Amino acid sequence: MTAKALEDVTILDFSHLLQGPFATQLLADMGANVIKVEPPGRGDLFRTLTFNNRWVGGSESPNFLAWNRNKRSLAVDLKAPAAKTIVYRIGARADVVVQNFRPGVLAKLGFGYEDFRKINPRIIYCSGSGYGESGPYVSRPGQDMLIQGLTGVAAATGRGDGPPVPVGAGFSDQVGAMNMVYGILSALYWRERSGQGQEIRVDLLSGMLAHQSQEMLMAMNFQQDFQRPSSGIGHPGMDAPFGVYPTTDGWVTIAMSPYKRLVSVLGDESLLAYDHPKDLFEKRDEIWEKLAQLTETWTTADLMKAMLAVDIWCGEVKTHLEAEVDPQVQHMGIISSYEHPVAGRVKVVAPAVKMSVTPAEIRRPAPLIGQHSREILEEFGFCASEVEEFMASGATA
């Protein structure tokens with residue numbers, strides 16, 4: 001057995017679906033002791049979801065298997081009277097807590113950051129959400145494809161003569177997972193130096209905009225959106241109604257939502273004839289055409305209002321420039337800027353990971369070539385004459 005970088009790190013993992021589990025799996029792969037807390041009986045929601053109605057070994061979800069290796073599962077009903085006794089004892093010795101419930105849900109049950117900090121001041125508590133902890137979208141479901149629609153990814157992808165196209169993978173969730181890992185590792189390092197734990201907040205909206213920094217910077221600074229090419233991609237594994245749908249004035253995304261509930265909103269019960277797992281996958285193109293004929297009779301605002309009222313997972317499709325002025329983006333302060341010595345004021349996407357003790361900040365603009373060569377060399381102990389010699393020889397500039 002070889003030593004593992006994180007073998008002395010214990011993680012109490014309340015996360016589910018993709019973002020949180022992928023993050024904790026990455027840490028588990030490095031040796032962390034990940035204790036996955038799941039509801040008894042049903043477990044992580046990803047245990048019941050699959051692609052193409054296929055199950056590994058006849059019963060196991062490939063979706064769940066993909067993001068949960070190197071973990072041990074602890075089944076706990078978090079609403080049970082004894083839950084705090086169990087979880088708090090583990091929490092008192094844990095290094096990290098990870099969760100991606102909707103904002104406020106876990107805290108109401110007594111498992112928020114402040115609850116853990118009381119029993120373990122060194123705890124690092126990382127929360128993942130769709131849109132942050134407050135703001136106009138805080139109660140919306142934060143699902144991968146919905147975020148792709150809101151942040152310009154879908155609008156910039158697909159055929160130029162066709163609809164916006166989501167990326168054929170859980171891109172937003174995977175970016176969010178990477179941001180969680182980045183924040184957790186930074187906090188662990190800070191704790192080694194300071195002895196202090198802290199709270200970390202990661203949201204998919206900030207993450208997707210930050211990871212499109214070059215596209216956002218281009219669009220915002222030249223005030224011109226990208227034009228989609230004549231080719232496009234899609235996700236090969238999902239069934240209806242998952243997809244992008246036209247409205248009278250734009251497009252909406254609809255994620256994993258109860259088919260019957262969507263049909264009731266759109267008002268055509270004849271479509272219930274397709275409500276079978278096999279048909280929803282094998283006839284998904286036919287179903288999409290029929291649903292699209294109905295959605296395109298609605299305005300985006302009216303359809304969004306009707307679907308959100310019955311908790312259908314949906315979102316508007318926005319371009320990068322529309323994303324810049326989105327009310328949730330503005331509320332979260334996701335867009336920032338800096339002064340560049342040549343380019344002047346440059347709009348940028350702010351760091352996506354929020355840390356309560358060691359917050360990220362934009363301290364410098366992008367450098368010019370060799371702008372800091374001298375100070376870096378001197379910082380590492382080279383005297384002025386050595387620096388001059390390096391520069392004269394062309395070794396540095």
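# A guided tour of selected side chains

Begin by selecting Lys 318, which lies in the loop between strand E9 (314–316) and helix H14 (320–324). The model on screen is a predicted one. Lys 318 has a relative accessible area of 14% and is therefore buried, since buried means under 20%. Keep Tyr 137 in view and select Arg 140, whose charged end sits over the ring of Tyr 137, 3.9 Å from the ring's centre.

Next, turn to the aromatic rings. One aromatic cluster is formed by Phe 14, Tyr 88, Phe 111, Tyr 113, Phe 116 and Tyr 125. A pair of aromatic rings is described by the distance of the centres and the angle of the planes. Under the pairing rule, the count comes to 11 aromatic pairs. For Tyr 88 and Phe 111, the ring centres are 5.9 Å apart and the planes stand at 75°, so this pair is edge-to-face. The pair links distant parts of the chain, 23 residues apart: Tyr 88 belongs to helix H3 (residues 83–93), while Phe 111 is in the loop between helix H4 (105–108) and helix H5 (113–119). Phe 111 counts as buried, at 0% relative accessibility. Select Lys 84 as well; Lys 84 lies over the face of Phe 111, at 5.6 Å from the ring centre.

The tour continues with charged pairs. Side chains of opposite charge can pair when their charged atoms come close. The structure holds 15 salt bridges. Select Lys 71 and Asp 13, which form a salt bridge whose closest N and O atoms are 3.7 Å apart. Lys 71 is in strand E3 (residues 71–75) and Asp 13 in strand E1 (residues 10–13), so the bridge ties together parts 58 residues apart in sequence. Lys 71 counts as buried at 17% relative accessibility, and Asp 13 counts as buried at 0%.

Move on to Asp 203 and Lys 354, whose side chains meet in a salt bridge (3.8 Å, N to O). Because Asp 203 lies in strand E6 (residues 198–203) and Lys 354 in strand E12 (residues 353–355), this pair ties together parts that are 151 residues apart in sequence. Asp 203 is buried, with a relative accessible area of 2%, whereas Lys 354 is partly exposed at 28%.

Select Met 218, Phe 222 and Phe 226, which make a nonpolar surface patch of about 330 Å². Met 218 is placed in helix H9 (residues 213–222) and is partly exposed, with a relative accessible area of 42%.

Note on methods. Residues numbered from 1 in each chain as written. Predicted model: local features only at pLDDT ≥ 70, side-chain atom pairs only at ≥ 80, totals over all residues. Heavy atoms only, no water. Patch = residues over 30% accessible without salt bridge, like charges linked within 9 Å, V, L, I, M, F, W, Y side chains within 5 Å. Areas by Shrake-Rupley, 256 points an atom, 1.4 Å probe, with all protein chains shown as cover. Salt bridge = Lys/Arg side-chain N within 4 Å of Asp/Glu carboxyl O. Helix = DSSP H or I, 4+ residues; strand = E, 2+ residues; numbered from the N terminus. Buried < 20%, exposed > 50% of the residue type's maximum accessible area, 1.4 Å probe, protein only. Phe/Tyr/Trp six-rings, centres within 6.5 Å; stacked < 30°, edge-to-face > 60°. Lys NZ or Arg CZ within 6 Å of the ring centre and 35° of its normal.
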